[in-house]
Amino acid sequence: MLIHSASQLLTLAGGPQRGHELGRLGLIEDGAVLVRGGLIEAVGPSAVLRAAYPNEDLWDAGGRVVMPGFVDPHTHLVWAGDRAQEFEWRTQGKTYTEIAAAGGGILATVRATREAPLETLIEQARQRAWTMLRHGTTTAEAKTGYGLTPESELRLLEAILQLNQEGPLELVPTYLAAHDVPPEFRSDPQAYVDQLCTEMLPAVRQWWQTHAPGRPLPFVDVFCERIAFDLAQSRQILVRARELGFGLKIHADEFESLGGARLAVELGATSADHLVKTPPEDIRALAASETVAVALPCTPFGLAQPEYTPARAILDAGGLLALATDLNPGTAWCESMPFVIALACRYLKLTPAEAIAAATINAAAAIGAADRLGSLEPGKQADLIVLDVPDYRHLGYRFGTNPVLRVMKRGRWVV
């Protein structure tokens, strides 16, 4: 298929964009893209490609923007229930920590998720996955973390595998059994950390090799905060995960800095996420590494907090910045990457072009997939979206509605 007559074709060509390079869109006016066998075969001006490929099936973009599908590199896609009550509490002035201490927070979702059958978890997550797809997300990372027992965490991994297999949204799994200390270990958190390292992580590796042979191992993530796992515990978990061959991620510096961002750099983590309270010296360390800094603006927005990831400081230091939704039931029930871009333009002070690059090619780097996703270049997967707008700057400028008209995944229209 030859998709032609795009007002603006955004290719995002050239790989992940560091520092002040962020925002290089590779824009082709009156652009076209040739798709064959689920891959991008050629991009260029419409007149050139129509002359070079006269026998292709045609699809007229009609003066709309065509660009890569969004990659959402941080989601908690699979859970049961909701926490609407907690939202009301927050509007009354209760803090995240106070709600967690009262039995809310992550552990409230853990209780509901443990009780839900696998079929219920898949059905509820499927609805969210389709909402993400309709808003232009073609690939998403998906974490476990609402089971916190060996059996329930594997059940969440199974749900992610099944949803990925049925598609069309492509899912990249992350094992987040270190999301919080489970109720059974509240009096001895270190015992849970030890169980994670000696029993759960080796069991996950074995389970994965049986249930997903030939696929890369999932990432392993840890919530490095005083209310969850301290720096030493986070190090213990991630070092053990690295020894077993897992890729690494970390939740760091959301509420206070414990050194999680620097730990991510030291261990070669693929990404460090949240980074609201990251100090300047850790920002410099991140910028000197290949670890992607993933900003999650929906989370402080959802918590009505004034502080956001210091994106401009990260870019000024030369860092790799990506954007994600942090889709979760407590603080950021948001499936829309266009809304994330709108927030990033306002609160992270990004331009629309910078936010788009952070939501595509750099987001692909945050899941280790920039070699095949995140841009429209020959040989890459044909994941693209058509926006019902004439200019890419409508992303960021507009919010509250869905600008996505069509979605292509692996060369097939799915929306």
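This briefing describes a predicted model, from its sheets and helices to its cavities. Local features are given at pLDDT of at least 70 and side-chain atom pairs at pLDDT 80 or more, while totals for chains, interfaces and linings use all residues. Residues are numbered from 1 along each chain as its sequence is written, and side-chain values use heavy atoms, without hydrogens and water. Helices (H or I, at least four residues) and strands (E, at least two) are DSSP runs numbered from the N terminus.

**Parallel sheet**

- Eight strands form an open sheet in the order β6-β7-β8-β9-β10-β11-β12-β13, with parallel pairing; two strands pair if DSSP finds at least two bridges between them.
- The edges are β6 (70-72) and β13 (321-323); each has a single partner strand, so one side of each is without a neighbour in the sheet.
- On average, neighbouring strands of this sheet are turned by 25 degrees against each other, direction ignored; axes are lines fitted to C-alpha atoms, for helices over the stretch in contact, and angles run from 0 to 180 degrees between N-to-C directions.
- Four bridges join β9 (residues 219-224) to β10 (residues 247-252) in the parallel sense, and Cys224 stands opposite Ala252 in β10.
- Helix α8 (residues 231-243) packs on the sheet, where it touches β8 (170-178), β9 and β10, and its direction makes about 175 degrees with that of β9. Contact means heavy atoms within 4.5 Å.

- Strand β1 (residues 2-10) pairs with β2 (residues 27-36) in the antiparallel sense over six bridges.
- β2 also pairs with β3 (residues 39-45), in the antiparallel sense and over six bridges.
- Gly31 of β2 stands opposite Ala6 and has Pro45 as its bridge partner in β3.
- The hairpin of β2 and β3 has two residues between the strands, and Gly37 takes a positive phi near 60 degrees there.

**Buried residues**

- His4, in strand β1, is buried, with a relative accessible area of 5%. Buried means under 20% relative accessible area, exposed over 50% and partly exposed in between (1.4 Å probe, protein chains only).
- Beyond its neighbours within four places in sequence, His4 contacts residues including Gly31, Ser46, Arg50, Trp59 and Asp60.
- Helix α10 (residues 280-287) has Asp282, Ile283, Ala285, Leu286 and Ala287 as its buried residues; their cover includes α9 (260-267), β11 (271-274), β12 (292-295) and α12 (311-316).
- Ala369 lies in the loop between α15 (361-365) and β14 (384-387) and is buried, with a relative accessible area of 4%.

**Cavities**

- The structure holds five cavities of 30 Å³ or more. On a 1 Å grid over the protein atoms alone, a cavity is a set of points where a 1.4 Å probe fits but cannot get out, and lining residues have an atom within 4 Å of a point.
- The largest cavity has a volume of about 140 Å³; grid points are joined across faces, edges and corners, and a volume is the space filled by probe spheres set on the points.
- Of the 15 residues lining the largest cavity, Tyr96, His179, Asp326, Asn328 and Thr331 are the closest to its centre.
- This lining has four nonpolar, eight polar and three charged residues. Ala, Val, Leu, Ile, Met, Phe, Trp, Tyr, Cys and Pro count as nonpolar, Asp, Glu, Lys and Arg as charged, and the others, Gly among them, as polar.
- The second largest cavity holds about 70 Å³ of space, and its lining divides into seven nonpolar, one polar and two charged residues.
- Helix α5 gives the most to the lining of the second largest cavity, with four residues.

Notes
1 Å grid on protein atoms, 1.4 Å probe; cavity = no way out; pocket = protein on both sides within 12 Å on 5 of 7 lines; lining within 4 Å.
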